[in-house]
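Student: I have a model open and want to learn how to read it. Where do we begin?

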Amino acid sequence: MALTIAELAAALGAEWAGQGDCQVGRASEPAAAGPGDLALAMDKSYGDALSRGGARAAVLWPGADWRALGLTAAIFVPRPRYAMAGITAAFALEPDLAAGIHATAIIDPTAVIGENVAVGAYSIIGAGATIGANARILGQVTIAELARIGEDALIFSGVRIGARVSVGRRFIAHGNAVIGSDGFSFVTPEPSGAEEARKNFETSGEARPQAYAKIASNASVRIGDDVEIGANSTIDRGTVADTVIGRGTKIDNLVQVGHNVRIGQDCLLCAQAAIAGSSVLGDRVVLGGQSGVGDHLTLGDDVIAAGATAILSNVPTGRVMMGYPAMKMTQNIAAYKALRRLPRLLARFDDLQKRVSKHDQKP
Amino acid sequence: MVQTVRQQVLEIIAEQAVVPVSEIESDATPASLGLDSLGLVEAVFAIEETFDVEVPFNASAAEMDGFDNSSIAAIVLGVEALVSARARPAG
């Protein structure tokens, strides 16, 4: 799909210079760009790479001398990463999905399918499910009974959406994400060793054999507008109240959200983050990759957890956390600093101790 | 001697930034070498361990009290000062 520089600049709300009708077919790295490409050189450090490539048009840093860089046309952006959102959207390759319902798809007669919905091969939509207008559902997706999907959804192959799950508008779910899986919830007739350990940090060693009783997950999952869920991520349904994912929250691949969890708006959960049952996250919380949140905890708004942080207690609004167990990041670095200095401190201490004992031996 | 401290500091920073020592210009900043705040903290620990000094810095590495980390040249000067202070016999 070819675009002119003027068109693209207009879409980005950015300034441009040179030949506005210069056409570009795709975005490219500066050194690898050919004459029909748009080179992405939004930082001065890419100037040299640009001259090694063959681009006639580029996206540049503000104030760049585009003529000196040998270009025919240029777009100027002040915030490169933000511009990347618009640039990549302009050149995005849409999934190859034919209009309408594929002949092999199985749609329950009681399902309500909105206008202009496309459903791919071997997808199944259950009884009483509602699919909003313009939804694109690729092949081999299953949407269970009474699930509701908002308008303009894009659901990739292999996604499983469970019974009674409700999803807002502009939902995106990537391959094999599972929404509305069973909660992991078991209880013993008598207090268990785990309960004792949680309370006392140790057990009496008197635990008796007892079987687990399952606590059923009778509620579902409620997802706001503009939520995106990555490949192979799983969101368990609630026990008696729904698991909730707030508007605008983005979830990476391989993320686990436990039953009854409530996540606020515009949160980011990076790969392999996991949230145990019944925890509540505020708005704009960021969980770095592999970070974990224990069960029944509360995280305020704007909490940020560095990668692999393990949050085991509540965290107030705005706090940046790191480590296991999670500490304020500044505190964690200070503790790490002390740890790194400890060997030298001990050496100095040894030395002092020797001098003191030598001193004591003198008459 | 002074050259040695400089060379060692450059090697530490080069290792952390994963660039050849020869590519580090004196006016480069940690950020221009791609060292983020945690990378800088690691470089500081390596400096401390190499020279047996304590670089004065707060937990938030961006603010190093009394230690100028605005450029590689400033870091080298700072480490040289710490090394020579340590070499002086205690009063």
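Tutor: Begin with pairing: two strands pair if DSSP finds at least two bridges between them. Helices (H or I, at least four residues) and strands (E, at least two) are DSSP runs, numbered from the N terminus. Now the case here: Arg160(A) has Val178(A) as its bridge partner in strand 20 of chain A.

Student: What kind of model is this, and how are residues and chains labelled?

Tutor: It is a predicted model, where local features need pLDDT of at least 70, side-chain atom pairs count only at pLDDT 80 or more, and totals for chains, interfaces and linings use all residues. Residues are numbered from 1 along each chain as its sequence is written, while chains are lettered from A and ligands numbered from 1 in the order in which they are written.

Student: How many bridges join strand 17 of chain A to strand 20 of chain A?

Tutor: The general idea comes before the count. Strands of a sheet pair through backbone hydrogen bonds, either parallel or antiparallel. Strand 17 (residues 160–161) and strand 20 (residues 178–181) of chain A run parallel, joined by two bridges. Strand 20 of chain A also runs parallel to strand 25 (residues 234–236) of chain A, with three bridges. Within that pairing, Ser181(A) has Asp236(A) as its partner.

Student: What is the order of the open sheet of ten strands?

Tutor: In chain A the order is 8-11-14-17-20-25-28-31-34-37, with parallel pairing. Strand 8 (106–107) and strand 37 (310–311) of chain A are at the edges; each has a single partner strand, so one side of each lacks a neighbour in the sheet. Further along the order, strand 31 of chain A runs parallel to strand 34 (residues 292–293) of chain A through two bridges. There, Ile275(A) stands opposite Val293(A).

Student: Is Ser279(A) buried or exposed?

Tutor: Count C-beta atoms, placed from the backbone: 20 or more others within 10 Å of a residue's own make it buried, 12 or fewer exposed, and anything in between partly exposed. Ser279(A) is buried, because it has 21. Its place is the loop between strand 31 (274–275) and strand 32 (280–281) of chain A.

Student: With which residues is Ser279(A) in contact?

Tutor: Two residues are in contact if their C-beta atoms, placed from the backbone, lie within 7 Å. Setting aside neighbours within four places in sequence, Ser279(A) touches Val261(A), Val293(A), Asp295(A), His296(A) and Leu297(A).

Student: Why is chain A more spread out than a compact globule?

Tutor: Start with its make-up: chain A has five helices and 39 strands. Its radius of gyration is 28 Å, well over the 21 Å of the globule rule for 363 residues, so chain A is more spread out than a compact globule. That radius is taken over C-alpha atoms, and the rule is 2.2 Å times the number of residues to the power 0.38. The C-alpha atoms fill a box of roughly 95 × 70 × 30 Å along the principal axes.

Student: What does chain B contain?

Tutor: Chain B has three helices and zero strands. Buried residues make up 26% of its 91 residues. Its mean pLDDT is 85, and 86% of the residues score at least 70; pLDDT is the predictor's confidence in each residue, from 0 to 100.

Student: How many residues of chain B are in contact with chain A?

Tutor: Eight residues of chain B are in contact with seven of chain A. On the chain B side, four are nonpolar, one is polar and three are charged. The classes are nonpolar (Ala, Val, Leu, Ile, Met, Phe, Trp, Tyr, Cys and Pro), charged (Asp, Glu, Lys and Arg) and polar (the others, Gly among them). For the complex, the predictor gives an ipTM of 0.82 and a pTM of 0.90.
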